[in-house]
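My notes follow in the order I looked things up.

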Amino acid sequence: MSLPLYLIGARGCGKTTVGHALAQALGYNFSDTDHHLLQATGASVSDIVAAEGWDGFRRRETAALKAVTAPSTVIATGGGMVLADENRQFMQQHGRVIYLYALPEVLVARLDASPEVAQRPTLTGQPVAEEMAEVLAQREALYQLAAHHQVDAMQSPDEVVKVILTSLSLARAS
């Protein structure tokens, strides 16, 4: 039985793209907590936030994390998954946590290229460049605290997968 792999990081770091490729490389299943929420509720992240506020969304996000956790699964989490201590502890206890990090300007460029506003709503109402810098400043320590591995996500998805596979094999060897 293989532990689940949790991908954490800011919006636009590549959790879903890398997650699909990593799952394929390992022969694992793939799940995305935001997609699970959409399927389970029929509502986008923006819809849930509008109806229940961020606290309601965060409660649902925690439930989604637990619902999709299974052996041999790569799980792409929402960017704010690390905000709850309960979620950080759950991921650390149930699998391996991989932080995909990227500079704010890289994230902004990716978000501008593929905005997906309903699934990636603004957190502060600010322009995306200002928001990303602020959000990363608030969350960086939490991403690092939660992670077993940190990977530079500013390279191609294939390169990120190679680095993750190497990191995981080194961790198993030690």
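Is Arg60 buried, partly exposed or exposed? I get a relative accessible area of 34%, so Arg60 goes down as partly exposed. I keep in mind throughout that this is a predicted model.

**Entry: the Arg60 pair**

I looked up the partner next. The side chain of Arg60 meets that of Glu52 in a salt bridge, 2.9 Å from N to O. Glu52 also has a relative accessible area of 34%, so I list Glu52 as partly exposed.

**Entry: other salt bridges**

I went through the rest of the ion pairs. The count for the model is five salt bridges, and I wrote up some of them.

Arg58 forms one with Glu61, and I find the closest N and O atoms 3.0 Å apart. Why are Arg58 and Glu61 about one helical turn apart? Because they sit three residues apart in helix 3, which covers residues 45-68.

Lys66 and Glu86 make another salt bridge through their side chains, at 2.5 Å from N to O. This pair links distant parts of the chain, with Lys66 in helix 3 and Glu86 in helix 4 (residues 85-94), 20 residues apart. Lys66 comes out at 38% relative accessibility, so I put Lys66 under partly exposed. For Glu86 the relative accessible area is 45%, so Glu86 is partly exposed as well.

**Entry: whole chain**

I stepped back to see the overall layout. I count seven helices and five strands in the chain. Reading from the N terminus, I noted the order of elements as β-α-β-α-α-β-α-β-α-α-β-α.

How much of the chain is buried? Of its 174 residues, 43% are buried. I also have an accessible surface of about 8,300 Å² for the chain, and carbon and sulfur atoms hold 53% of that. Then I turned to contacts: among those with a separation of 6 or more, 73% are between residues 24 or more positions apart.

I looked at which way the side chains go in strand 3, residues 73-76. Thr73 and Ile75 point one way, while Val74 and Ala76 point the other way. I checked both sides for cover, and all four of these residues are buried.

Which strands did I find joined to strand 3? Strand 1 (residues 5-8) runs parallel to strand 3, and three bridges join them. In that pairing I traced Tyr6 to its bridge partner in strand 3, Ile75. Strand 2 (residues 29-32) is parallel to strand 3 too, with four bridges between them. Here I followed Asn29 across to Thr73, its bridge partner in strand 3.

**Entry: His149**

I placed His149 in strand 5, which spans residues 149-152. Is His149 buried or exposed? With a relative accessible area of 8%, His149 is buried. I then asked what the side chain of His149 touches, and found a polar contact of 3.3 Å with the side chain of Arg96.

Note on methods. Residues numbered from 1 in each chain as written. Predicted model: local features only at pLDDT ≥ 70, side-chain atom pairs only at ≥ 80, totals over all residues. Heavy atoms only, no water. Buried < 20%, exposed > 50% of the residue type's maximum accessible area, 1.4 Å probe, protein only. Helix = DSSP H or I, 4+ residues; strand = E, 2+ residues; numbered from the N terminus. Pairing = 2+ DSSP bridges. Polar contact = N/O pair within 3.5 Å; in protein donor to acceptor, adjacent residues only side chain to side chain. Contact = heavy atoms within 4.5 Å. Areas by Shrake-Rupley, 256 points an atom, 1.4 Å probe, with all protein chains shown as cover. Salt bridge = Lys/Arg side-chain N within 4 Å of Asp/Glu carboxyl O.
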